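This note sets out some points to consider while examining the structure. Please keep the sequence and the model in view and follow the points in order.

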Amino acid sequence: MVSIPLEERMRTVRFKVDDRPHIVVNAAVCNNCSVRACVYVCPANLFVPLDDGGILFNYEECFECGTCYIACNQEGAIQWSYPRGGYGVTFREA
Amino acid sequence: MAFLSKEASLALVQRVHRLIGIKNGSTPHGAPQPRRQRSAPRPGAEHFDVIVVGAGPAGSAAALVAARAGLKVLLLERGEYPGSKNVSGAAFYGSAILNELIPNWWEQAPVERYLTRRVLAFMTAETSVAIDFRTTRFAEPPYNGFSILRPKFDRWFADQAVAAGAFLLNAAVVDEVLWEDDQVVGVRVRRDEGDLRADVVIACDGANSFLAKNAGLQREFHAHEMSLGVKEVLELDEGAIRERFHLHDNDGLAIEYIGAITEEVSGGGFLYTNRDSLSLGVIGQISSLAEHRRRPYELLETFKRHPSVAPLVRGGRVREYSAHVIPEAGWNMLPKLYTGGMLVAGDAAALCFVAGLYLEGINYAIQSGMAAGEAAVAAHQERDFSARSLARYVERLRARHVLTDFASYRHAPGLVNSPRLQNLYPELIAAGAEQVFRVNGGPKRKLLPIALDTLRRANISPVHVLQDAWQAGRSFGW
Amino acid sequence: MRIAVCLKQVPDPATVEVDPLTAALDTRRLLYIASPADTAALEVALQLAGAEGHVSALCVGPPAADAVLRLALAAGATEARRLWTPFLPLQAPAQTALLLAAWLQRGEAPDLVLCGTRSSDQGSGQLPALLAEFLEWPVVCDVTQITLEGDLARVQRRLDRGAREELEVRLPAVLAVEAGIARLRHASLTGLMRAERAAIPVSELDDLGLEPADLAFPAATTRMVTPPRPRTRPIFTPDSTRPAHERITQIITAGVTRKSGKVLEGPPDQMAEVVVEFLRERGFV
Ligand SMILES: Cc1cc2nc3c(=O)[nH]c(=O)nc-3n(C[C@H](O)[C@H](O)[C@H](O)COP(=O)(O)OP(=O)(O)OC[C@H]3O[C@@H](n4cnc5c(N)ncnc54)[C@H](O)[C@@H]3O)c2cc1C
Ligand code: SF4
Ligand code: SF4
């Protein structure tokens, strides 16, 4: 079937997960953010809004695209870098 | 290599500087960039003539040119292999350019299909009108374009640089450039003992352009200047591809979609044929995705379900999903292209051409990479790595028509992302076409009344249309 | 201290795709890694050897397997060598062990051979024991901890149900470690560059003093043993006539009554009789 849920699509991608996160989200800033741009723009759906107004972020299945930090207009919310050499996403055909 | 005279080149450089210099110093938050901490390389760092950061098409081209000239070249790539982090559609229209570097390159490179058919489709939610261009003249060497898959292509291209003598090091992320006085003299890799020295550092690190920002050559980007592309590779039987897209052999087609494909989000879609798969994806301006709260993978689903796309992708199995950003604003976001000891090329220099029917970055990346490689070689011949000497790079870009393309199309991005062009005109074209083609027993109407009628219904004045036509002419026509 | 580490190149499980219709593996989409237990062994080796020690990395595999040896060199291994022969059958722990043993018996033998307890692809876990057999050295598998005291290794190994066993082994020995006990260090840039520049020497059968015939072991019979499946239990539904808290307790315990042992008493013959009868009743003998 051509239409598939995101989780299944993500399973086609290979990630070599480092034990240290390359992106760190500052909860203190996000708690006061009403825009929530990151939640909508992230192509891997890694930002999940929580009931208590916070943001849950998981770095493991990240494409390292940079969209989140470009979209977020709150100073200091996202500390963004590439993963260490050899870790992270590996495309085989993209 | 024929260079311009010193005076002519200086004049040229100054002109370009005026153009580029305008927006340097402004940031999205309006404040000037704080001057970053500058570090010098630690003693004992190994020295190279040229260090190229990033083994995408720009980096491999630069490394290839410099290595062929006999320089000691290091090509640093953060991925497990070149291409492992890279995403394009990809329709590669730089065959003739690459042919200069590697004659008959397509005979040895991992190409998918040569493109003989280009389609531009205007979409509404239910309708589509397409301009279909097909020629057999693109089926002859050096060919006009090829569909490629980046992880395979980039790996091959980097291997060509290695064959020419460049030293390729994978799994090495560069975090910053290193300075002595006002001269870039090396880079710092995020590993123990990570400092390296070079006479010339060529930053080819792609769209996020962290090195140029680190060196103070580029500002932070606005969310309206960058687009996000999400893409799928769908496996489909070779026979089915030929049949569905009316192909004979290893020829292929590229379809660009504009209009309702991304709903209210500014952007577009693409579909390219590979040997036994399809590459398809949507591209959306980041600010627009955030504003309309549209998730990129949902747009991709909508795209695949569109009545004119669904039959083309039917039965395809998703082989890989990927995402990458694209610098969209062209001329308006060019960084300062060089400083003492450093050059910036490819997407890192925002040399990616995105405007409606064009989505070309690989060819410009290769051209600018070659120009940067040539500038580095020339600087080595004179043993002068100052900004003045490296200004030659801009000359080389001009000679390759890179800067001229970006300058002459500098109005296109704004126009292409305007709501009227994004949604209204495709809507009008489709609606108009529907009226032309609909047979309902009434009298056949002439085209102009239909057009004016459609405009009236859409509530836009013909004056606006003329203004846009002027803009379009200015952007694409003259 | 001289340590040899055996590394195997395996497909990254995240890239293994099986065609749902033909059950065929899509080999074009595979990416390869060093087997995780082997990289743990490498890290342990680097730590045990210390700055003055000598760690040699060995891999039996085709030219593409140079990648795992470069990984080892980058992390700090002193030298690397690939052993290879086109005559190697596909799944061949015995032949692999034979090649490794042949190499290790030439020249200066190491004090210790470390490897992973089982590879992440085939994972039969035979290699350490076979290698020790060919070398006529002691072997300990499932190792979770190693401390060296002179020519004695104090070793902890994992047993079932969380139990640990402590052993002392006289060197030279083969120790096979668990994947989780160490994470390979991130190589320095100097290490990475040295590894990338290194030429990896290869030894083929000739160099090892072997012949293709040596690899042809007497025909082996594989016996598949399928342990009896636990009997299915009817799914438990709480008794709706009971009060709420009792039903909740029933759900939580899933209606399982804890296993109870039965103590037999009597003369040994009689007790044996009862045990055999018990097993027979349940179909075990
Ligand atoms: C969805 C999509 C579709 C596209 N379609 C097309 C198309 O059809 N045709 C076309 O011509 N163009 C297309 N483009 C544009 C094209 O992909 C880019 O213009 C092109 O990749 C630019 O090449 P580059 O070498 O400058 O950068 P990249 O290809 O991005 O290469 C940068 C390299 O640098 C490495 N790198 C980055 N940072 C570091 C660091 N700090 N240290 C070490 N290494 C680093 C990266 O891993 C990467 O290998 C498309 C882009 C997208 C996103
Ligand atoms: S990351 Fe940025 S956009 Fe997302 S919630 Fe935090 S502050 Fe808001
Ligand atoms: S870099 Fe891209 S994939 Fe990773 S978290 Fe940000 S938006 Fe998501």
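1. Polar contacts between chain B and chain A. Across the interface of chain B and chain A, the rule finds 27 residue pairs in polar contact, both residues being at pLDDT 80 or more. A polar contact is a pair of N or O atoms within 3.5 Å; within protein, one atom must be able to donate a hydrogen and the other to accept it, and residues adjacent in sequence count only if both atoms are side-chain atoms. On the side of chain B that touches chain A, the elements giving two or more residues include helix H4 (150–163), strand S11 (226–235) and strand S15 (317–327) of chain B. The largest share of that side, 8 residues, comes from S15(B). Helices (H or I, at least four residues) and strands (E, at least two) are DSSP runs, numbered from the N terminus.

2. Basis of the note. This is a predicted model, in which local features need pLDDT of at least 70 and side-chain atom pairs count only at pLDDT 80 or more, while totals for chains, interfaces and linings use all residues. Residues are numbered from 1 along each chain as its sequence is written, chains are lettered from A and ligands numbered from 1 in the order in which they are written, and side-chain values use heavy atoms, with hydrogens and water left out.

3. Extent of the interface of chain B and chain A. Here 57 residues of chain B are in contact (heavy atoms within 4.5 Å) with 45 residues of chain A. The area buried between the two chains is about 4100 Å², and carbon and sulfur atoms give 53% of it. Buried area is the accessible area (1.4 Å probe) that two parts lose on being put together, summed over both. Arg293(B), Glu320(B) and Tyr321(B) supply 16% of the area that chain B buries against chain A, more than any other three residues.

4. Salt bridges between chain B and chain A. The count between these chains is 9 salt bridges, each a side-chain nitrogen of Lys or Arg within 4 Å of a carboxyl oxygen of Asp or Glu. One of the salt bridges in the model joins Glu64(A) to Arg78(B), with the closest N and O atoms 2.7 Å apart.

5. Is Arg9(A), which forms a salt bridge with Glu301(B), buried or exposed? Arg9(A) is buried, with a relative accessible area of 1%, and Glu301(B) also counts as buried at 10%. Buried means under 20% relative accessible area, exposed over 50%, and partly exposed in between (1.4 Å probe, protein chains only). The closest N and O atoms of Arg9(A) and Glu301(B) are 2.2 Å apart.

6. Two further salt bridges. Asp12(C) forms a salt bridge with Arg14(A), the closest N and O atoms being 2.6 Å apart. Asp12(C) is buried at 8% relative accessibility, and Arg14(A) is buried at 0%. Within chain B, the side chains of Arg134(B) and Asp251(B) meet in a salt bridge (3.9 Å, N to O). Arg134(B) lies in strand S5 (residues 128–134) and Asp251(B) in strand S12 (residues 251–259) of chain B, so this pair ties together parts that are 117 residues apart in sequence. Arg134(B) is partly exposed at 38%, whereas Asp251(B) is buried at 5%.

7. The interface of chain C and chain B. This contact takes 15 residues from chain C and 21 residues from chain B. Chain C and chain B bury about 1500 Å² between them, 54% of it on carbon and sulfur atoms. In chain C, Arg29(C), Leu189(C) and Met193(C) lose the most area to chain B, together 36% of what that side buries. The rule finds 2 salt bridges across this interface. Glu46(B) and Arg197(C) meet in a salt bridge through their side chains (2.7 Å, N to O).

8. Nonpolar cores. Which residues touch the most other members of the largest nonpolar core? They are Phe63(A) and Trp105(B), in a core of 216 residues. A nonpolar core is a set of buried Ala, Val, Leu, Ile, Met, Phe, Trp, Tyr and Cys residues joined through side-chain atoms within 4.5 Å. Helix H10 (residues 362–382) of chain B gives the largest share of this core, 11 residues. A second, separate core of 26 residues includes Leu88(C), Leu99(C), Ala101(C) and Leu131(C).
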